[in-house]
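Student: I have a new structure open and would like a walk through it. Can we start with the overall picture and then go to the details?

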Amino acid sequence: MQITLPQAAGAGVRPLSGKTALVTGSTSGIGLGVAEALAEQGAGIVLNGFGDPQTIMRTRDRLAMEHNVEVAYSGADLSDPSAIAEMMAYARDVLGPVDILVNNAGIQYVAPIGEFPTAKWDAILAVNLSSAFHTIRAVLPEMMQRGYGRIINVASAHGLVASPFKSAYVAAKHGVLGLTKTVALEAATSGVTCNAICPGYVFTPLVEKQIEEQARAHGIAADKVVTDILLASQPNKRFATIEEIGALAVFLAGPGGASITGTSLAVDGGWTAH
Ligand code: NAD
């Protein structure tokens, strides 16, 4: 399903006015927060992700009206490279070249490695890592030619450190950091930056599901998972917020982020300082 909505009249000049941002996995959680933060600064948005079609259309219309920007939506399944290619072509057709690419879509599965389903490994690697390769491959040459681009990969604290039972997720997120560094070096003199945001725990539908899965894997109650497992690693003892991740993405996309490239920015309450 691919639909666009025309921009409402009377947009003022904001730092990202005239820019186009494609945010993968932006029908929910962190991606939606990042899309909202970029739209607030004037960027046109291409949303992507799964969900109830009516809810997605309401989100698209709300973003367009509240922030006075163009908003389009692609329901591409990021585990399918040909669907990604179609999404990238669609984004260019409806909103012009992508200036800001946020690779955010991600899935999780928690199980001991001996019981980890092969299909889950393949799906996590495809969505959490390979999709970022495919989207970057599609936009980087044009960004470099145009002399501006911001690639923001939403990795994880699990791109920097590991936890048990998350083999595929940890491997994919470490891979995202390697991809981030390589892209940054290839684009270094071109005005295009590439960075990874590494959140600790942020309360989103993905984490809600994980709480249930961890409770099963460890054989403990859900509230114990929050206090004794998730926030045990996070020294500030609170979930990071979607708004905090959105604010960092806005900074990286703006002029202040011009010399920040090839790095990972932890938003984890001190977790990876251990
Ligand atoms: P979420 O489940 O709320 O959102 C995930 C988004 O990805 C949704 O829009 C979903 O529809 C989309 N998606 C999933 N599979 C897809 C596919 N095959 N094709 C297209 N879209 C797909 O999750 P979230 O917590 O907001 O996570 C967003 C990103 O942040 C993920 O990469 C995740 O690994 C990362 N992250 C989250 C946390 C956290 O605590 N929530 C911490 C660190 C990193």
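Predicted model: local features only at pLDDT ≥ 70, side-chain atom pairs only at ≥ 80, totals over all residues.

Tutor: Residues are numbered from 1 along each chain as its sequence is written, and side-chain values use heavy atoms, with hydrogens and water left out.

Student: How many helices and strands are there in the protein?

Tutor: Eight helices and eight strands. Both are DSSP runs numbered from the N terminus: helices are H or I with at least four residues, strands are E with at least two.

Student: What share of the residues counts as buried?

Tutor: Of the 274 residues, 51%. Buried means under 20% relative accessible area, exposed means over 50%, and partly exposed is in between (1.4 Å probe, protein chains only).

Student: Take strand S3. Which way do its residues point?

Tutor: Gly-44, Val-46 and Asn-48 point one way from S3, Ile-45 and Leu-47 point the other way, and all are buried. S3 covers residues 44–48.

Student: Which sense does S3 have with S2, parallel or antiparallel?

Tutor: Parallel: four bridges join S2 (residues 20–23) to S3. Two strands pair if DSSP finds at least two bridges between them. Thr-20 stands opposite Gly-44 in S3. Between S2 and S3 the chain passes through helix H1 (residues 29–40), and this β-α-β crossover is right-handed. That term means that, with the strands pointing away from the viewer, the path from the first strand over the helix to the second runs clockwise.

Student: And what about S4?

Tutor: S4 (residues 71–74) pairs with S3 in the parallel sense over four bridges. Ile-45 stands opposite Val-71 in S4. From S3 the chain goes through helix H2 (residues 53–67) to S4, again as a right-handed β-α-β crossover.

Student: Back to H1. What does Val-34 touch?

Tutor: Val-34 lies in helix H1 and is buried, with a relative accessible area of 1%. Leaving out residues up to four places away in sequence, Val-34 touches Val-23, Val-102, Ile-245, Gly-246 and Ala-249. Contact here means heavy atoms within 4.5 Å.

Student: Where is Asn-68 found?

Tutor: In the loop between H2 and S4. Asn-68 has a positive phi of about 55 degrees although it is not a glycine. Most residues other than glycine have a negative phi. Asn-68 is buried, with a relative accessible area of 15%.

Student: And where does Phe-165 lie?

Tutor: Phe-165 lies in the loop between strand S6 (149–154) and helix H5 (167–186). Phe-165 has a positive phi of about 75 degrees, though not a glycine, and is partly exposed at 24% relative accessible area.
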